[in-house]
Each structure stands twice: as structure tokens, then as C-alpha cells.
Amino acid sequence: MDKLQEIQKERTMNLMYSILYNIKQGLKGLLSSKTMSFISIGSVSASLIILGVVISIVLNTNQFMESTKDEVNEIRAIIPNNLVQSDKELIKSQIKSLEGVKSVKFESKEKAFKDMKSSWGDEKYLLEGMENPLDDYFRITINNSEDIVKISNKLSDIKNITKVDYYQDIMKNFLVLSNTIKKVGSIIIICLFIVCLFMISNTIRARVYSKKEEIKIMRYVGASKKFIRAPFLIEGFMIGLVGAAIATIVSVFIYGYVYNNIGTNLLFMSSGNILIPIQSIGIKLGSIFLLTGTLIGIIGSAISLRKHLKV
């Protein structure tokens, strides 16, 4: 039993030594070729920052559309002001029967004019004495914004509905913006990631060449290929880790500036700052950067080792 414990203890010590040795060699390699390491880290950071910009815009576009979906998914069906109550009830029932309609609410021209005055604040006196230019209408909320055109066309066919208004342009612009950012951003990110892999691969390759005599000696004394490769993989991991840390700090700083100086002005369709809070976006970007950065570092190292570490 004592012999077995000694063997297990020895294996544990050897494993710890191996881990510490590989980490030490990885750090040594990172610091020995500072210029190449700096360029590789810079490439990873730049790529991740651009990735962060794309992700932030897409997430906040989705957040904005979600927070304003009741307004964006709203249709106003204008009706004549002289309709009797029975006609209004008939129109309301016909609207409710349409597929995709979530709710229907009648709004009188008097209430709409009163709301308009309230929205003008201190300048509402300019509307005093003015004849009410508004019309009665039905405020219609739909389930899916993609059905807004189809439902609007059906509303136009209902008798006594004189006009149909909705936020088609706003929806269309935001969807186009989101899709364009995703497509263009994806192309740029893929190109930059290829550059990152190339730079990290060259950094590790230079390290392999500088240590080729040492590697031969290690092979002669029985060191395994895994043991020899480990420090280089850890070096790539550290390049990605440092690049991810820098990208997170820079991205959160940029986002914080946008959030504090621009986000508060986007209140025309919401009652508060509709951007994702800084802390939340920081956690999301930090997690994505950590995973992506270290993965790029390891893959870049593995590519170099596969091609240039002939042991």
C-alpha cells in the first residue's frame, strides 16, 4: 500500500513539474521574441475588437427592436370621424379576425390631440385654439413584424378604413442594417482571423527553429512529442489570452463611451436607455474574446508545429 502511494505521489509530482515546466517555457518563448509576439498579440486584439464592434451592434439592434416591438409592430387604421358606434364595432371585429393580429384598441381624435399636447411639453400652448386636425383610428398590434405588410393590405380592404400607417421604413432600415453588419463584419473578421493564424504560426515557427538543437537533445533522452509540443501550444494560448484581455478592455471602454454619450439620446421610442448595459456587454464580449482568442492561439501554434516541428 505504501509502495502504491509512493508511485501515485511520484506521478503527481512529475505531472506538476511537467505543467510548471511547460508554462515556464511558454512564458519564456513569449518574452524571448518580443517583436513577433507583440505583432501576433496586436493582430489578435485588432481582430477581436472588430468582432466586438460587430457583436455589439447586432446585439443592440436586436435589443432595440425587442424593446420597441410594440411600437414597431403597431399599425394605425384611420377611419372617418362621423362613424356611428355600430360601424366602429364592426370594423374592430373584422380587424380582430385577421390572422397575426395581437390586439386592437380604438383611439378617438380628441384623445390623440390631448396626447399630442402633452408630448409638446412647455410648448403645448402653441396648439391652444387650434382646430383638431387628427382622425379617429384603431391602434393595432401584431405578433410578427414580418407580417406587417400583409396585414396592412388586408386592413386596406376593410370598409370605412381610409388609410393604414405603420413603421415600415424603420423596420426595413434596422433589418437591412443588422444583416449588412453581419455579412460585412463576418468577411472582415474571417480575413483578420486568417492573418492572426499566419502571424501566430510564424511566431511559433521562429521559436521552433531557434530551439531545434535543444529539441533534438530532448528527443535523444526520451522526451515525448507531446512534452516537446506543449510549451509552444501554451505560448500560442498566452498570445491569444493577452490579445483577448486587451481587446476586452478596449472594447468595453469604447462601448462605455457610446453608451454614456449616444445611448441616452436614443429615447425617441423608449422610456430609458435602450442599449445593453455596459456590465452585461462586458461579460458577453469578455467570454467570447477569451474563447476565440485562446482558440486562435492554439490553432495557430498547432498549424506551425504540424508543418515545422519535425520530431
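Q: In which helix is K88 found?
A: This is a predicted model. In it, K88 is found in helix α4, residues 85-96.

Q: Is K88 buried or exposed, and which side chain of opposite charge is nearest?
A: A salt bridge needs a Lys or Arg side-chain nitrogen within 4 Å of an Asp or Glu carboxyl oxygen. K88 is buried but has no salt bridge. The nearest side chain of opposite charge is D136, 4.1 Å away.

Q: What is K88 in contact with, leaving aside its neighbours within four places in sequence?
A: I79, L83, F106, D136 and F138. F138 also belongs to a separate core of nonpolar residues, described below.

Q: How should I read the largest nonpolar core, and which members touch the most others?
A: In soluble globular proteins, nonpolar side chains tend to be buried together. Here the largest core has 27 residues. V44, L48, L51, F193, I200, Y255 and F289 touch the most other members. Helices α2 (34-67), α7 (168-210), α9 (225-261) and α10 (278-308) each supply at least two residues. The largest share, 8 residues, comes from α2.

Q: Which residues is V44 in contact with, beyond its neighbours within four places in sequence?
A: V44 is in contact with C196, I200, I239, G240, G243, A244 and G293.

Q: How many residues are in the second core?
A: It has 18, including I75, V104, F138 and I148.

Q: Which residues form a nonpolar patch on the surface?
A: V242, I246, V250, F253 and I254 form it. Together they have about 420 Å² of accessible area. V242 is found in helix α9.

Q: Why is V242 classed as partly exposed?
A: Because its relative accessible area is 33%.

How values were computed. Residues are numbered from 1 along each chain as its sequence is written. This is a predicted model: local features need pLDDT of at least 70, side-chain atom pairs count only at pLDDT 80 or more; totals for chains, interfaces and linings use all residues. Side-chain values use heavy atoms; hydrogens and water are left out. A nonpolar core is a set of buried Ala, Val, Leu, Ile, Met, Phe, Trp, Tyr and Cys residues joined through side-chain atoms within 4.5 Å. Buried means under 20% relative accessible area, exposed over 50%, partly exposed in between (1.4 Å probe, protein chains only). Helices (H or I, at least four residues) and strands (E, at least two) are DSSP runs, numbered from the N terminus. Contact means heavy atoms within 4.5 Å. Patches are made of residues with over 30% relative accessible area and no salt bridge: like charges are joined within 9 Å, nonpolar side chains (Val, Leu, Ile, Met, Phe, Trp, Tyr) within 5 Å. Accessible areas come from the Shrake-Rupley method with a 1.4 Å probe; for residues, only the protein chains shown count as cover. Lys and Arg count as positive and Asp and Glu as negative; His and the chain ends are not counted.
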